[in-house]
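Please keep the sequence and the coordinates in view while reading.

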Amino acid sequence: MLKFIPIKASAGIVGFESPATEYTQLSLDLDQLLIDHPSATYIGIAQGESMKGDGIFSGDLLIVDRAQDIKDQDVVVANLNGVFVCKKIDKKQRCLLSSSKRFPPYFLREGDDFQIEGVVTRSIRLHRPFKKAI
Amino acid sequence: MFALCDANSMYASCEKVFDPSIRNKPVVVLTNNDGCICAACGIAKRMGVGKKFVPYFQVKKELEAAGVVIRSSNYELYADLSQRMMDTCARFAPDINVYSIDECFLNYGKEATAPQEGWDNLASTIRKTVWREVRLPICVGIGPTPTLAKVANHAAKNVSGFTGVAVLDNEDTRKHVLKQLAVTDVWGIGMRLGAKLNALGIHTAWELANRDPSQIRKAFSIIVENTVRELNGEVRHCWETVRVAKKEIYSTRSFGNRVTDYDELRAALAGHAETVSVKLRKQKSVTGSMTLFATNSPHDNGGYVRRSFFHRFTVPTNDTRNILNVIDSAMSQLFQSGVYYYKCGVGLMDLHEQGLFQYDLFNSSNDNPRLMACMDNINSRYGRSTVQMAAKGFEQRFSMKRAFLSPQYTTQWRDIPKIKC
């Protein structure tokens, strides 16, 4: 997972080692802030326009936590007939809601292959594209 | 009590975690270079396809006709999901011992009393949690000894009446399960030992459990005696020995494209030599001898060529440089021009615990442990082959053929799963 380690490679082979080395610490760690259950969390990329009302745009990174309890109206990732979808879950009406008017709710039908995969706990917008090709 | 958590068809199950489109399909995973079948999911097994170790080309048409999904081994993905599974299991016990990529022992202590919810419910909770949080199906077996935990796990998978969870905490269940278990399915009893036991009229685990341990020791070894005692509930495996240091270390691999070039074969062997050296140091051993081999394919028209070379070290070593040095003397024996090499490898045998070895009076070790430790540290911190021996070469033309490789969903940014909005 995402880790920034701000320590330069220093094998101690040449030169004089900086006396500050001992005091180098990891700077703020985004994992620690954004990820509640590391072994149950994965990151996906959003594709499509149906969740704009919840602030999720195409190309955003979604942090999906499988260990969270699922509450009504949570933004979740689910397996719907072999495809990962991101929707709001309406437990009472057994349907998947989009947050854009152009997309009607999807009512679960008999025979649908459906499992909730996890709760979208955070999403990340890339206001500038990544510098590095990923 | 001890629990053994074991993933069902680990590799095939891993393939389904981030690809929901194949969850309800038969999936078969191939070994290195797509050579043989190494795992098949439950659906494939029930269809009777995906027998282990069958060469892929032999059953290619049959698998195609059955609509089986084929995948190359995606070790990056399996290693990450394995780590997640172990982290999740570890929450449920004071002590965990990771036994292999898909199984771990949980230790509750010898005289552990049942948890409030009962052993059965605890086992179910572990199983459900790993499914929910990692999306891997596992079986959980609980028993008073590591061997019985293994037995319970086997029962959880194979004996009717158990669905993914089995607890051997009373005499009736223990007897019921041991009677249905073939002696060859007992932990540590292989096919050869099993055949000898069969000859003595011991066919089931129950029959083995009822033999006199001291006689079994005389006829076989203390290891089999320990198994008998463990089957009867007496803990003999010391927690440390559940994970024994390997007695041999091998690194072998077939080439993606055939190798006909001297330097290329040499570089491939150097890569293997480096791999085994790192493993050797990791388990804190030194090696007394080394074997190297190179072969073409048994299916080649020109006939099978298999060449090997054996080397004994004057002083046992775990220094990559000493292990690499053997390659040059081996090459003249291994390499023959005109042979299309298909596979090569390096094995270390005659391993001793580092420090315990009786050194020779006249030959002193030229190992440089500090240099090796430095190399290992850099590589574990900044990734494999950050520093490496130049002999291995820097461009691996002989890297693996993985034609059906799935994305590395959790370890490469470009491969993270796409989610439709």
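**Domains, hairpin and interface**

The centres of domain 1 of chain B and domain 2 of chain B, taken over C-alpha atoms, lie 36 Å apart. Domain 1 covers residues 77-231 and domain 2 covers residues 249-392 in the domain assignment of chain B; such bounds come from an automatic or database domain assignment.

The model is a predicted one, in which local features need pLDDT of at least 70 and side-chain atom pairs count only at pLDDT 80 or more, while totals for chains, interfaces and linings use all residues. Residues are numbered from 1 along each chain as its sequence is written, chains are lettered from A and ligands numbered from 1 in the order in which they are written, and side-chain values use heavy atoms, with hydrogens and water left out.

Chain B contains a hairpin formed by S2(B) and S3(B), with 6 residues between the two strands. Strands here are DSSP runs of E with at least two residues, numbered from the N terminus. S2(B), residues 27-30, and S3(B), residues 37-40, pair in the antiparallel sense over 3 bridges; pairing requires that DSSP find at least two bridges between two strands. Within this pair, B:Val29 is opposite B:Ala39. In the turn, B:Asn33 has a positive phi of about 60 degrees.

Attention now passes to the interface. Chain A contributes 41 residues and chain B 25 residues to the contact, where contact means heavy atoms within 4.5 Å. About 2,800 Å² is buried between the two chains, and carbon and sulfur atoms give 58% of this area; buried area is the accessible area (1.4 Å probe) that two parts lose on being put together, summed over both. Of the area that chain A buries against chain B, 25% is supplied by A:Ser39, A:Arg66 and A:Phe84, more than by any other three residues.

There are 3 salt bridges across the interface of chain A and chain B, each defined by a side-chain nitrogen of Lys or Arg within 4 Å of a carboxyl oxygen of Asp or Glu. One salt bridge joins the side chains of A:Asp69 and B:Arg132, at 3.8 Å from N to O.

Strands S1, S2, S3, S4 and S7 of chain A each supply at least two residues of the side that touches chain B. S1(A) gives the most, with 7 residues. S1(A) also pairs with S13(B), residues 418-420, in the parallel sense over 3 bridges. A:Gln47 stands opposite B:Lys420 in S13(B).

Conventions: Helix = DSSP H or I, 4+ residues; strand = E, 2+ residues; numbered from the N terminus.
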